[in-house]
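User: I'd like to go through the labels on this one and see what backs each of them up. Can you take me through it?

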Amino acid sequence: MKYFLALFVTFTLLAADEAHEIIKKLDENMRGESIYMSLSMKILSMKHLREMRLESYSQGTKKSFVKILYPPKDRGITFLSLENQMWQYVPKIERVIKIPPSMMLQNWMGSNITNDDMVRQSSIVEDYEPKIIQKSGTVVTIELTPKEDAAVVWGKIITNIDTATYTSNKDIFYDDEGKEVRVFLYEKVKKFGKYYIPTYWKIQPSDKEDSYTEILIDEVQYDSGISQEYFKKSALKRFSR
Amino acid sequence: MFSFALKNILFYKGRSLTTFVLTFVSTLLFVVYVSMMDGSHKSMLQNAIKIYTGAIEIYHKDYRDIGGNEYLIQDTSAILKKISQIEGVEAYTSRYETFGLLSSKNNSAASMVAGIEPEKEKSLSSISEALTEGEFLTEKSGNCIYMGVELVKKLKVKLADEVAFIGAASDNSFAADIFRVCGIFKTGSFEFDLSTSFLSRDYFDTLMLSKNKASYITIKVDDLEHVEAVNEKIARVLDDNLESLTWKTLMKTMVEAMEVDSIFGYISLALFLVVIFFVIMIYGFINVSSRIKEFGVLRCVGISNSNIFSLLFYEIFILSTLAIAVAAPIGGYICYYYSINPIVIEGIAEMYKDYGIISDEIPFDFSVFTLAWNILLIYVLNFLSILYPYFYINSFRPIEASRHV
């Protein structure tokens, strides 16, 4: 009996370790030590397609800077996230606006991603507890549930991770009541140095079938030594131009 | 039997006086309490409808459940034209509402920002009357924003200050602007005053690209009693993708809360009435117990059981009628007086602001129908109170009762 109990405990711990390890590698691929990305975004809502282009600079989970390049109407809008705070600069009104935590779940610029997604404040490594629920070839399905003290917006995330590249091909997000809210689909995985990243993302809200957001990553630079100037409040105006 | 009952009432003064006083007190308390409870509920509803919610509102289906710009009403003017021809509609207007971020120099707050037609709004809601500082909007107010007093406090702004707005326009594109605080309102509803601000639609529509679109259309009816009938007429002229809802659906939570409150109120009253019922019955029983010999003799000389019942019935009928005849006009007058001149308890609105109480006034409701059923219930309870004493007397045989000591 003791033997089986010990075997069971060991197996459980190993599975938990494996889940943590997979999520950690996935997160490393998505963030690196620092990452610069040039992105194109297509937003379909109300049968109307809008296009955006933007640049994103981030370092770890605490520092992030985003600048909109296109369309001309929105060019120069910048976002900065430091620790758990977020600001936005709008050139049209020449104001820096602090985004309250209560609005982190709001849609970002009319897309199907949230403010939280954009600045990636919450971390799947630090804020969620992973558990392997299925394995199929190299693809592992992991359920992420929020840690007790984590200030996160999702009730649960189910992610399918290809352990050949440690990239996700599908994330399903659920709210606190367990209702499916949206699905992230990832394709076209490319290798940049030692990192793999999907370069095509599609975000589909579960309750609006005729609405989606596509993100195409045009350029990626990992660990390129992003200047710390991007992660100061003054950057909002300075790099807006 | 009636004159016999009258003699008994005069002879057993203690029992008669007790029954009279208890019936009087319970009738008065019952009538006044029900009037106060109904009056408070009606007042809460009327206030809620008066502040902002319309008697009838038209939405695109799914707007209320899912929300978002996908479910805005398109071609609003065509719908308004149809509504204008419906009998029973007193006034109507369209509103465009969006949730955005308002930001002062140092503070930010999420707010529902509504584009309204100021002149039409004056006859549909009381938001213009809720003005405390500055001025209400006009069609040509431009970037003037009319803000709730709690939101003003949260943002730490004052009249003429600027607030930045960011949000999503009606096509989901990014919208941002600077507004100037021109007016501050206080409805008394804490949540509303904390989360709501208004702009003239003329200006707001340009920013939000919402010309001829609306979040919903709000309608005032001639007579609130006929709201369902008017709503049916409206529903008939609307396209299938639109729905027309009355205040009963729009304020379902409040209606349900008031129903629960009423139930608890009636349970409390029922407990009180049960106590009164038993006290009257016990007094009746004690009285009857002391008269067993009398009833025995009556039955020995040929008075039937039904006559005995009639005797007890007349006794309680006379006493109840006398007590109710005094209590009902007094209770009715109290209800009528306070329905016109509500009781004012300073600070009650502040204390119960989260429950939709926006005034320190507690109005009563005067309704002849309510008064009638209240009185009828007291009568019924009093009549029921003679049943047990009657059955108790009947448990004795006439000879046995006539020898009872």
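Analyst: Two residues are in contact if their C-beta atoms, placed from the backbone, lie within 7 Å. This is a predicted model, where local features need pLDDT of at least 70, side-chain atom pairs count only at pLDDT 80 or more, and totals for chains, interfaces and linings use all residues. Residues are numbered from 1 along each chain as its sequence is written, and chains are lettered from A and ligands numbered from 1 in the order in which they are written.

User: Which residues in helix 12 of chain B meet helix 15 of chain B?

Analyst: B:Asn305, B:Ile308, B:Phe309 and B:Leu312 do, and across from them sit B:Pro389, B:Tyr390, B:Ile393 and B:Asn394. Helices are DSSP runs of H or I with at least four residues, strands are E runs of at least two, and both are numbered from the N terminus.

User: What makes B:Asp62 partly exposed?

Analyst: A residue is buried if 20 or more other C-beta atoms lie within 10 Å of its own, exposed if 12 or fewer, and partly exposed in between. B:Asp62 has 15, so partly exposed it is. B:Asn212 has 13 such atoms, so that residue gets the label too.

User: Why are the buried residues of helix 11 of chain B said to be on the same side?

Analyst: The buried ones are B:Phe295, B:Gly296, B:Leu298 and B:Arg299. They cover an arc of only 160° around the axis, so they end up on the same side of helix 11 of chain B. The arc is that of the directions from the helix axis to the C-beta atoms. These buried residues pack against helix 12, helix 15 and helix 16 of chain B.

User: Where is there a cis peptide bond?

Analyst: Between A:Tyr70 and A:Pro71, with omega about 10°. A:Pro71 is in the loop between strand 3 and strand 4 of chain A.
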